[in-house]
Amino acid sequence: MLSVLLPTDFSKNSENAIIYALELYKNEDCKFHFLHCYPPVIFSYEYQIEKGLIGKDVHKLLQEESKERLYEFALSLMHKHGKNQEFEVEVVSGFLPDRISNTVLNNNIDIIVMGTKGATDSDRVVFGSNTIQVINKRCCPVIAIPDDYKLVGLENILFPSDLNITFRNKHFLPILNILKLHKSSINLLHVSILGLTSKQKVHKEFIKETFTDYNTSFEILKEKDITEVVYNYQQKYKSELLVMINNKHTFFENLFFKPTISKIAMHLNTPFMVIPA
């Protein structure tokens, strides 16, 4: 059974990401784990008197109220989109990126689906700080869903790679699962002004063999501007999902974590799966 983690701050962005996940895996045998993380709070003595909280466990009350709200929220979405799949809810205190790792470990989470921005909701923000930090935890594959994106089909997956990673079968499991569920095609893309090294050729063959049972294309483009090529390729072939392996200090960071936000990130309008290397 697939286990899917759905963090939420009850914002429209996070709700939209959850709906995407429920639709993406509606034909999969899976359990959805709804997680709400609220920051630690300290109420003033005057506030506790005003609300009649003196002598009560304020933290426990806040947690119970949040859990009740989360359960009602989850139940409503599952009723509309989740068919008869299992779900559970969890409310924790702290900061989301710090608590994600524990939740993933304790609940055998296979993949996280979350909004790109959460409550930030700014046109000038591509990825909110929570999303970036969760991705960089590298504890689990993450699918980040842009604001207002609706899943109406998943015909094409774009998978760019610098081919410098020693791939393992586990890297491709979340991709293979989606290919099987949605009968998608996958476009493998390598961008470089140089030819392939012997190591890169080995990695290329491993990828081709992994996806041999699916409709696959493999293209090598000799260009300098990787971000521009990836963005144009994505638009040309109407990819509904962009997939990358997050290998520290290589392709992923070159695309998204330069001092100046890259062109592809600024125009990112499709879901983005990041798989930890």
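Buried means under 20% relative accessible area. The views below show a predicted model.

**View 1. Cys140 and its closest cysteine sulfur.** Cys140 has a relative accessibility of 3%. Because that value falls under 20%, Cys140 counts as buried. How far is the sulfur of Cys140 from the closest cysteine sulfur? The distance is 5.8 Å, and the partner is Cys139. A disulfide needs two cysteine sulfur atoms within 2.5 Å, so this pair is too far apart for a bond. A search of the whole structure finds zero disulfides. Cys37 is another buried cysteine, with a relative accessible area of 15%.

**View 2. The largest nonpolar core.** This core has 48 residues. Tyr25, Ile143, Phe159 and Ile175 have the most contacts inside it. Helix α1 (residues 12-24) supplies the largest share of the core, seven residues. A second, separate core has 24 residues, including Val104, Ile109, Val134 and Ile135. In soluble globular proteins, nonpolar side chains tend to be buried together.

**View 3. The surroundings of Tyr25.** Neighbours within four places in sequence are left aside here. Which residues are then in contact with Tyr25? They are Leu2, Val4, Cys30, Phe32, Gln85, Ile111, Ile143, Asn177, Ile178 and Leu181. Ile143 is, like Tyr25, among the residues with the most contacts inside the largest nonpolar core. Tyr25 also lines the second largest pocket, as do Leu2, Ile111 and Asn177.

**View 4. The second largest pocket.** About 310 Å³ of space lies in this pocket. Its lining includes Asp110, Pro141, Lys170, His171, Leu173, Pro174, Ile275 and Pro276. By class, the lining has eight nonpolar, two polar and two charged residues. Helix α6 (169-182) and strand β10 (272-276) each supply at least two lining residues. The largest share, five residues, comes from α6.

View 5. Helix α8 spans residues 226-236. Which of its residues are buried? They are Thr227, Val229, Val230, Tyr231, Tyr233 and Gln234. Lys238 follows α8. The phi of Lys238 is positive, near 50°.

View 6. Asp98 sits in helix α4 (residues 96-106). Is Asp98 buried or partly exposed? Asp98 counts as partly exposed, because its relative accessibility is 47%. Asp98 and Gln133 are 35 residues apart in sequence. In space, the C-alpha atoms of Asp98 and Gln133 are 8.8 Å apart.

Methods: Residues are numbered from 1 along each chain as its sequence is written. This is a predicted model: local features need pLDDT of at least 70, side-chain atom pairs count only at pLDDT 80 or more; totals for chains, interfaces and linings use all residues. Side-chain values use heavy atoms; hydrogens and water are left out. On a 1 Å grid over the protein atoms alone, a cavity is a set of points where a 1.4 Å probe fits but cannot get out, and a pocket is an open set with protein on both sides within 12 Å along at least five of seven lines; lining residues have an atom within 4 Å of a point. Grid points are joined across faces, edges and corners, and a volume is the space filled by probe spheres set on the points. Helices (H or I, at least four residues) and strands (E, at least two) are DSSP runs, numbered from the N terminus. Ala, Val, Leu, Ile, Met, Phe, Trp, Tyr, Cys and Pro count as nonpolar, Asp, Glu, Lys and Arg as charged, and the others, Gly among them, as polar. Buried means under 20% relative accessible area, exposed over 50%, partly exposed in between (1.4 Å probe, protein chains only). A nonpolar core is a set of buried Ala, Val, Leu, Ile, Met, Phe, Trp, Tyr and Cys residues joined through side-chain atoms within 4.5 Å. Contact means heavy atoms within 4.5 Å.
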